[in-house]
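Work through the following exercises with the sequence and the coordinates open. Each task is followed by a solution in steps.

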Amino acid sequence: MASKSSGSFATRAVRAGQTHTAENEQSEPLFLTSSFRFASAEQAAARFANEEEGNIYSRFTNPTVRLFEQRLAALDEAEDCLATCSGMAAIMAAIMGICRAGSRLVASSQLFGATFNLLENYFAKFGVEVVIVPDSETDSWKKATGSKADLLFLESPSNPQLEVYDIAAIADIAHRAGALLMVDNCICTPALMKPLELGADIAMYSATKYLDGQGRVLGGALTGKSEILRERVFPFLRCGGPAMSPFNAWTLAKSLETLLIRIQAMSATADSLAHWLTEQPTVTCVNYPFSPGYRRLDLARRQQTAGGGLVSFSIAGGQPAAFRAINATQRFSITANFGDAKATICHPASTTHSRIDAQARAQAGIDDGMIRISAGLEDPADLREDLERILAAGQNAAAT
């Protein structure tokens, strides 16, 4: 029988990681247990001493969580994967495992709001030097990194600006400085881009987004080399405890079975909406990696197989116009989450990035008239009709 980790992406999505129990079940089993029994005191001692492999306690080993980890690793073509209770927990675990007081962490200015706050308000006060790169240009990353660093971190595409970074070039900068590169791949997922193939050392995921794809559970994950994940990050997970629950892991493992189908459909819808938005006179700016005129279109097409399901755009009139526009929706859900089967809409400056000061938002390209939409699995024509309603409401607000 062929390995369950072999075959195409679609095959791995439904087969990788599953180990059948004595019941010979077709669907993946769910192990809802906090701990595991040992055959003897000697076996318990051997497992705690890492002399024998096996489950001990679900805070750090659980068969259902391991199923999700192995399946995601197979999709990312990674040696290993570690699951966490949320995407933010995955970021925290990676930094805790790699950095210490005196470390240099170089990060993009275009980060999710909570990520930015985690770096500047928490890790910085514990002695980690946090250097923010003002833009996506390779020379800026080279200058900010210098000759010595411990970790470089970026989102590509970024949320909500949808800026694409040259991962291969930045990976080279990181490695020349003795650093690791971690890439937040939440928007593309392994279905559209594999950062590890481009030179990144760690790919980070908020599994809450497209990996689940139906807005049901929280989760996070890191993929990469076993040496990095198991020796440097796992010890923090074991004692720190930001564990993924078995139920969430089971839900996410099942969700991965349809990831490719969902994200391809969402990307096709987002692409059509982005192209339409560029033609609307009331829209001042459209951010989408595959949209006409995008300044890094060639790079985006080199790194990604599709543009992804997120689009952001700006309208005149600032926050009042954006609020009036968003409130006119009849089909988009007003929520800060994205990657859901249901299309969503939000105002980044007052929600996901509201805890970043106005100057930092402006530097990151997030203006008060920006609106972010996440394409769902609805009929694209219905979503476009709703966008017409949204833009009309925004235009009326701007005119008053």
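Predicted model: local features only at pLDDT ≥ 70, side-chain atom pairs only at ≥ 80, totals over all residues.

**Exercise 1.** What is the strand order of the open sheet of 7 strands, and which helices pack on it?

*Solution.* Step 1. The order reads β1-β7-β6-β5-β4-β2-β3, and the pairing is mixed. Two strands pair if DSSP finds at least two bridges between them.

Step 1. At the edges stand β1 (80-84) and β3 (129-133); each has a single partner strand, so one side of each is left without a neighbour in the sheet. From one strand to the next, the twist averages 20°. Axes are lines fitted to C-alpha atoms, for helices over the stretch in contact, and angles run from 0 to 180 degrees between N-to-C directions.

Step 2. Within the sheet, β4 (residues 151-155) and β5 (residues 180-184) pair in the parallel sense over 5 bridges. Here L154 stands opposite V183 in β5.

Step 3. Helix α3 (residues 63-76) packs on the sheet and touches β1, β6 (202-206) and β7 (220-224), with its direction at about 130° to that of β1. Helix α7 (residues 167-176) lies across β4 and β5, at about 150° to β5.

**Exercise 2.** What is the strand order of the open sheet of 5 strands, and which strands does α15 lie across?

*Solution.* Step 1. This sheet has the order β8-β9-β12-β11-β10, with mixed pairing. Its edge strands, β8 (283-287) and β10 (333-334), each pair on one side only.

Step 1. β11 (residues 344-346) and β12 (residues 370-374) pair in the antiparallel sense over 3 bridges, with I345 opposite I373 in β12.

Step 2. Helix α13 (residues 318-327) packs on the sheet, touching β9 (310-315), β10, β11 and β12; its direction makes about 130° with that of β9. α15 lies across β8, β9, β11 and β12 and runs at about 25° to β9.

**Exercise 3.** At what angle do α11 and α15 pack, and which residues make the contact?

*Solution.* Step 1. Two packed helices are described by the angle between their axes and the distance between the axes. For α11 (residues 259-278) and α15 (residues 380-399), the angle is about 35° and the axes are 10 Å apart.

Step 1. The contact is made by T269, S272, L273, W276 and L277 of α11, and by P380, L383, R384, L387, E388 and L391 of α15.

Step 2. These residues divide into 7 nonpolar, 2 polar and 2 charged. Ala, Val, Leu, Ile, Met, Phe, Trp, Tyr, Cys and Pro count as nonpolar, Asp, Glu, Lys and Arg as charged, and the others, Gly among them, as polar.

**Exercise 4.** Which side chain does E28 join in a polar contact, and which backbone oxygen does the side chain of N248 reach?

*Solution.* Step 1. E28 lies in the loop between α1 (9-15) and α2 (41-48); its relative accessibility is 5%, so E28 counts as buried.

Step 1. Leaving aside neighbours within four places in sequence, E28 is in contact with V14, Q18, L67, R71, W250, K254 and E257. The side chains of E28 and R71 are joined by a polar contact of 2.9 Å. A polar contact is a pair of N or O atoms within 3.5 Å; within protein, one must be able to donate a hydrogen and the other to accept it, and residues adjacent in sequence count only if both atoms are side-chain atoms.

Step 2. N248, in helix α10 (residues 246-256), is buried at a relative accessible area of 16%. The side chain of N248 reaches the backbone oxygen of L218 at 3.0 Å.

How values were computed: Residues numbered from 1 in each chain as written. Heavy atoms only, no water. Helix = DSSP H or I, 4+ residues; strand = E, 2+ residues; numbered from the N terminus. Contact = heavy atoms within 4.5 Å. Buried < 20%, exposed > 50% of the residue type's maximum accessible area, 1.4 Å probe, protein only.
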